[in-house]
Amino acid sequence: AGRDAGRDAGRGGRDAGDRTAGNANTTPYCHAHADNACVTPDCPLNHNPRTPCKHWRKGACLQGDKCRYPHASHEKGADAVITRIPSHWQRGKGENQTLVAVAPGSEEYRQGLALFHATIGRSVTIDLLQRNQNPGLWGFFAAKRAQIQVANGGDANEKQLFHGAKAQSAQQSVLTDGFDHRVSNSGSVGNGVYFATSASYSDSGYAISNADGTKEMLICKVVLGSGVQGSAGLKRPPPKDPNVPHGKLHNSVFGGTQMHVVFDNTQAYPEYLVKYH
């Protein structure tokens with residue numbers, strides 16, 4: 001009888017907890033709790049096991065804005081970080097990375113290429129603009145963007161920047177697995193991943209040159225956060241307070257007005273691949 005009462009009490013407690021959490025459908029679900037791994041004291045997120053997003057994969061929801069389940073992340077204190085894939089992405093592509101052609105004349109086509117045309121510095125013809133749909137990679141980027149936004153008073157300082165990969169193999173690796181500062185060469189403002197503020201800079205020697213005369217470069221979303229002038233040999237951004245070397249760091253460095261460098265791979269997302277001549 002004691003054991004039965006204990007079981008009944010346990011069920012009652014769980015049911016009551018489920019009902020309480022279920023009534024707050026707008027409360028973000030704590031995915032850290034899914035494997036009994038939530039270590040946040042007095043966690044404000046929903047621990048109801050009946051309401052997590054069933055479509056959650058690799059940190060991004062494949063249902064996009066249509067998903068009716070709550071999402072959340074404990075990424076370094078940035079609670080309730082939404083990492084749903086962008087609503088304009090083409091559905092039905094699954095979790096794997098894929099390139100989707102952007103329709104010429106569409107608003108996305110115009111906006112995606114506006115800065116490219118404004119900064120390329122010469123007359124070019126666009127052969128193809130492709131959107132890089134990579135749900136897993138997007139999830140990491142979106143979480144990092146939210147974290148930096150919180151750390152910098154609400155301003156993530158996101159920019160559209162350009163990157164030339166020089167080789168097809170390196171470019172495909174970036175599109176699939178993201179940027180990797182570990183294989184970057186030492187540069188004038190640090191040993192990180194470099195991005196150009198103008199398409200002409202990437203076009204001048206970093207864009208891929210194909211045998212048919214066309215060229216390719218990546219148009220990227222990059223979260224810069226707090227930045228400072230870089231210098232050769234840097235392996236991470238300098239501290240915000242030079243007198244506190246182990247204190248809070250800047251998020252990126254820059255080299256004049258031409259380039260920005262990040263040392264965290266998740267701060268950049270290769271959004272478009274443009275092919276032109």
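Is Phe141 buried or exposed, and what is its relative accessible area? Phe141 is buried, with a relative accessible area of 1%; buried means under 20%, exposed over 50% and partly exposed in between, using a 1.4 Å probe and protein chains only.

This is a predicted model, in which local features need pLDDT of at least 70 and side-chain atom pairs count only at pLDDT 80 or more, while totals for chains, interfaces and linings use all residues. Residues are numbered from 1 along each chain as its sequence is written, and side-chain values use heavy atoms, without hydrogens and water.

The protein has 277 residues, of which 43% are buried. Its secondary structure consists of 5 helices and 12 strands, taken as DSSP runs (helices: H or I, at least four residues; strands: E, at least two) and numbered from the N terminus.

There are 9 aromatic pairs in the structure. Rings of Phe, Tyr and Trp (its six-membered ring) pair if their centres lie within 6.5 Å; planes under 30 degrees apart count as stacked, over 60 as edge-to-face and the rest as tilted. Two of the pairs are listed here.

| Pair | Centre distance | Plane angle | Class |
|---|---|---|---|
| Phe141 and Tyr269 | 6.1 Å | 40° | tilted |
| Tyr201 and Tyr206 | 5.8 Å | 10° | stacked |

Phe141 belongs to helix 3 (residues 135-151) and Tyr269 to strand 12 (residues 268-276), so their pair ties together parts 128 residues apart in sequence. Tyr269 is also buried, at 1% relative accessibility.
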